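Please look through the sequence and the structure shown here before reading on. The report is written for someone meeting them for the first time.

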Amino acid sequence: MKSRIWISCLLLCLCDEITFLLGAGTVRREPISEAGQVNEDTRLLKDFSDRVQAYVKLHKRLEASLPPLKPTPDPAKIVSHQQALAKKIQAARQDAKPGSIFTPDITERFLRLIRNEFQGPNASHARATLRQGEPVKIRLGVNAGYPKGVPLTTVPPTLLLNLPRLPPEVEYRIVDHELILRDIKANLIVDIIPKAIP
Amino acid sequence: MRRFILFVPFIALTWSGWVSPALSPPPKSVPTLSAESQELFLPLRPNSVRFAVMGDNGTGHRKQYEVAQQMAGYRQKFPFEFVLMLGDNIYGPDTPLGFHKKFERPYKALLDGGVKFYAALGNHDDPNQCFYKGFNMNGRKYYAYTKGNCRFFALDSNYMDPEQLEWLEKELRNAGSAWKICYFHHPLYSSGRHGSATDLRTLLEPLFLKYGVNVVFSGHEHLYERIKPQKGIYYFTSGAAGHSRRGDIRKTGLTAAGYDQDLSFMLVEITGDELYFLSISRIGKTVDSGVIQRRVTSHVSELSGQLWLAAPIPDLPKRQIRKVEALH
């Protein structure tokens with residue numbers, strides 16, 4: 001009888017130890033997984049930032065070849081600067097395709113950020129912002145101009161808080177369900193994430 | 001007889017504004033009310049800060065020109081120095097002709113008179129407008145400037161990114177002036193068809209409260225609305241300087257006074273701790289007026305459709321008590 005009790009105790013202890021070890025294993029695995037995710041996010045963010053910076057470098061280099069745009073009483077000068085800059089960038093990026101900045105990995109990360117905003121506690125406010133901003137439905141192409149005279153949809157400010165920051169030359173805009181990266185001065189579509197807004 | 005039948009609907013359509021005013025030349029004279037109804041009830045104190053406010057003006061339509069003429073007329077009696085533009089400065093493409101037809105020509109009398117326009121961007125505006133000297137943005141989408149004892153903050157509510165929020169907080173923190181006035185396109189509180197910009201409000205209102213912003217002007221809604229003070233801040237929507245939408249003010253409980261029957265603009269005078277305001281329609285009818293005390297305890301109060309000065313000011317005539325346009 002005593003030996004049976006001993007064996008039972010031993011088995012219980014063994015089970016407990018195994019459970020503990022497994023549990024500890026799980027506990028140990030989680031930080032690694034989170035850290036891995038953080039590393040992955042950092043890598044993606046850096047990748048995105050590098051791609052945007054490369055674009056901005058091109059923008060600046062091409063703009064430097066034009067007479068500088070300073071505040072002017074002549075709107076024609078603003079328009080001609082915009083058109084000349086757009087022409088140069090379009091020529092330099094004539095092979096640009098969707099995904100040159102929003103790569104599949106970066107797109108996946110952006111979709112997660114956007115989903116969080118549009119499914120989170122602030123979702124109704126964010127959707128209201130899009131509605132109030134007089135949304136438009138237009139077909140856009142990478143390296144094409146944003147149609148003149150078409151309003152720029154207001155981007156929910158709480159979404160902007162969660163998206164990676166951008167240099168002043170470019171901005172995010174939402175057109176229908178697409179998130180676009182837009183060159184402000186040249187009025188060009190730099191890249192697009194289709195069906196980004198749920 | 002047949003000619004008469006065709007003629008009558010044409011006259012009716014023209015009269016009601018259905019015939020595109022863009023096709024019509026600017027009017028030689030604006031339809032006006034009687035001299036009595038145009039009396040100006042602003043104190044015109046020496047060294048006061050005087051300005052006009054208009055939003056959503058850049059249509060190029062005949063009625064925009066009529067509002068502009070009305071503004072120029074009022075400037076003879078109330079020599080305001082500058083104009084706040086609340087966005088949608090140029091509808092349609094930003095062509096040189098567009099700037100001419102929708103800004104330079106309608107406001108020529110004011111521009112020639114040395115009036116400066118300080119623009120904020122609306123959702124119909126290309127951000128490159130910030131390089132247009134006529135808008136005094138100096139190449140910036142958001143900016144601040146001082147007039148007398150007032151600090152003005154022109155914001156880009158169409159793209160309120162973290163950089164702009166950080167800039168605003170820094171500017172508000174360092175603004176030593178007595179009055180802090182913010183203006184931007186989308187109203188944080190509104191009874192119009194678009195409604196309140198609640199997402200924007202969650203970010204801006206805490207800053208306004210923290211740093212003591214007194215008054216906020218917005219456009220976007222094509223109407224005039226004075227909001228009941230929200231947490232001590234006075235909000236005005238004045239987005240009907242280019243066109244208006246009749247019947248757009250809905251019952252929300254936010255409205256202190258409103259007008260959506262015609263186009264309108266505002267005149268404001270700030271002297272010491274008092275801000276006097278008038279909202280004026282296209283035909284020169286005063287649709288709202290009052291005074292705001294900068295002291296936290298003071299407020300604009302209304303009694304059965306009448307707008308009264310919250311604190312009686314001895315040297316102002318009694319006629320300053322104005323009837324507020326009834327809300328539907």
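## The contact between the chains

This is a predicted model, and the account that follows should be read with that in mind. The contact draws 32 residues from chain A and 30 residues from chain B. On the side of chain A that touches chain B, helix 2 (75-92), helix 4 and helix 5 each supply at least two residues, and the residues of that side divide into 17 nonpolar, ten polar and five charged.

## Helix 6 of chain B

After helix 6 of chain B comes B:Gly212, whose phi is positive, near 70°.

B:Leu204 is also one of the buried residues of this helix, together with B:Asp199, B:Leu200 and B:Phe208. The buried residues of helix 6 of chain B pack against helix 4 (123-132) and helix 5 (157-162) of chain A, and also against strand 6 (179-184) of chain B.

## A three-stranded sheet in chain A

Chain A contains an open sheet of three strands in the order 1-2-3, with antiparallel pairing. Strand 1 (170-175) and strand 3 (188-193) of chain A are the edge strands, each pairing on one side only, and from one strand to the next the twist averages 30°.

Six bridges link strand 1 of chain A to strand 2 (residues 178-183) of chain A in the antiparallel sense, and within this part of the chain A:Tyr172 has A:Leu181, in strand 2, as its bridge partner.

Strand 12 of chain B, residues 274-281, is mostly covered, with eight of its eight residues buried. On one side the buried residues are B:Glu274, B:Tyr276, B:Leu278 and B:Ile280, and on the other they are B:Leu275, B:Phe277, B:Ser279 and B:Ser281, so that both faces are covered.

Strand 11 (residues 264-271) of chain B runs antiparallel to strand 12 and is joined to it by eight bridges, with B:Val268 standing opposite B:Phe277. These two strands form a hairpin with two residues between them, and B:Gly272 in the turn has a positive phi of about 60°.

Strand 13 (residues 286-293) of chain B also runs antiparallel to strand 12, joined by seven bridges, and B:Ile292 in strand 13 is the bridge partner of B:Leu275. Four residues lie between the strands of this hairpin, where B:Gly284 takes a positive phi near 85°.

Methods. Residues are numbered from 1 along each chain as its sequence is written. Chains are lettered from A and ligands numbered from 1 in the order in which they are written. This is a predicted model: local features need pLDDT of at least 70, side-chain atom pairs count only at pLDDT 80 or more; totals for chains, interfaces and linings use all residues. A residue is buried if 20 or more other C-beta atoms lie within 10 Å of its own, exposed if 12 or fewer, and partly exposed in between; C-beta atoms are placed from the backbone. Two residues are in contact if their C-beta atoms, placed from the backbone, lie within 7 Å. Two strands pair if DSSP finds at least two bridges between them. Axes are lines fitted to C-alpha atoms, for helices over the stretch in contact, and angles run from 0 to 180 degrees between N-to-C directions. Ala, Val, Leu, Ile, Met, Phe, Trp, Tyr, Cys and Pro count as nonpolar, Asp, Glu, Lys and Arg as charged, and the others, Gly among them, as polar.
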